[in-house]
Amino acid sequence: MQFQIIGQTVPVVEVKLNVGESMYSQRGGMAYQTDGIVMNTNARGGFMKSLGRAFAGESIFMANFTAQKDGAMVAFATTVPGNIMPVDISQTNGGLIFQKGSFLCAENGVETSVTFTKKISAGFVGGEGFILQRATGRGMLFLEVDGDAIVKNLMPGEVLKVDTGNVVGFEPSITYSVEMVSGLGNIFLGGEGLFLTKLTGPGRVILQSQNLGDFAGRINSYGSNR
């Protein structure tokens, strides 16, 4: 499998496959393809895994694209302005945990499943929700990043506090929790929300520069003021 990412505003990833190689994505993720690609839509992994994807905010059915000849190409596009982040799962420390809505596509050797935060309180108050997704196996995973991608490699015990909507994913070695912003003045006047995501190393963290929830809220406020 070979790939190239094209575009800067709303990019696509073009994936060139040889005979028998496959990619899968959510329904509607494919932008275009050449001759020699066969699509098959199914509940990948069975009923329980598909139900878990629904809880994580993803589609129950996944579209699988398989090459019938060498050099066949299929492309997947982002849904909002941003970037595409390629992740080689075999090069991670135990896979990758990522937020709902960031999955774009993956090679057939990558398995995605729901996972739970280590602290229940983080799920009830964190912007990523109680149910996250985890990718394991071997192959390439492509994540949809809102705005620009920022990668941080945290040392053991190193702490990074992030606005919850700016977290894309992190390695399982990262400790994930949520803490309330301190000080009543900061809570009511700071405009940063009530909670911050606390990520503690060691491990890799992927962030996004744009918080889509905040952006959508700002657009809605402009519309209501007109």
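User: Is F65 buried or exposed in this predicted model?
Analyst: The model is predicted, with pLDDT of at least 70 needed for local features and 80 or more for side-chain atom pairs, while totals for chains, interfaces and linings use all residues. Residues are numbered from 1 along each chain as its sequence is written, and side-chain values use heavy atoms, leaving out hydrogens and water. Buried means under 20% relative accessible area, exposed over 50% and partly exposed in between, with a 1.4 Å probe and protein chains only. F65 has a relative accessible area of 1%, so F65 is buried.

User: What kind of pair do the rings of F65 and F76 form?
Analyst: Rings of Phe, Tyr and Trp (its six-membered ring) pair if their centres lie within 6.5 Å; planes under 30 degrees apart are stacked, over 60 edge-to-face, and the rest tilted. The structure holds 4 aromatic pairs. In the pair of F65 and F76, the centres are 5.5 Å apart and the planes stand at 75°, so the pair is edge-to-face.

User: How many residues apart are F65 and F76?
Analyst: Helices (H or I, at least four residues) and strands (E, at least two) are DSSP runs numbered from the N terminus. F65 is in strand β6 and F76 in strand β7 (residues 72-77), so the pair links distant parts of the chain. The two are 11 residues apart.

User: Which strands stand at the edges of the open sheet of 6 strands?
Analyst: Two strands pair if DSSP finds at least two bridges between them. The order is β5-β6-β3-β10-β13-β8, with antiparallel pairing. A single partner strand is found for each edge strand, so one side of each is left without a neighbour in the sheet; these strands are β5 (37-42) and β8 (82-88).

User: Which residue of β13 stands opposite M85?
Analyst: β8 and β13 run antiparallel and are joined by 7 bridges. On the pairing of β10 with β13, there are 3 bridges, also antiparallel, and F103 stands opposite L143 there. The residue of β13 opposite M85 is L143.
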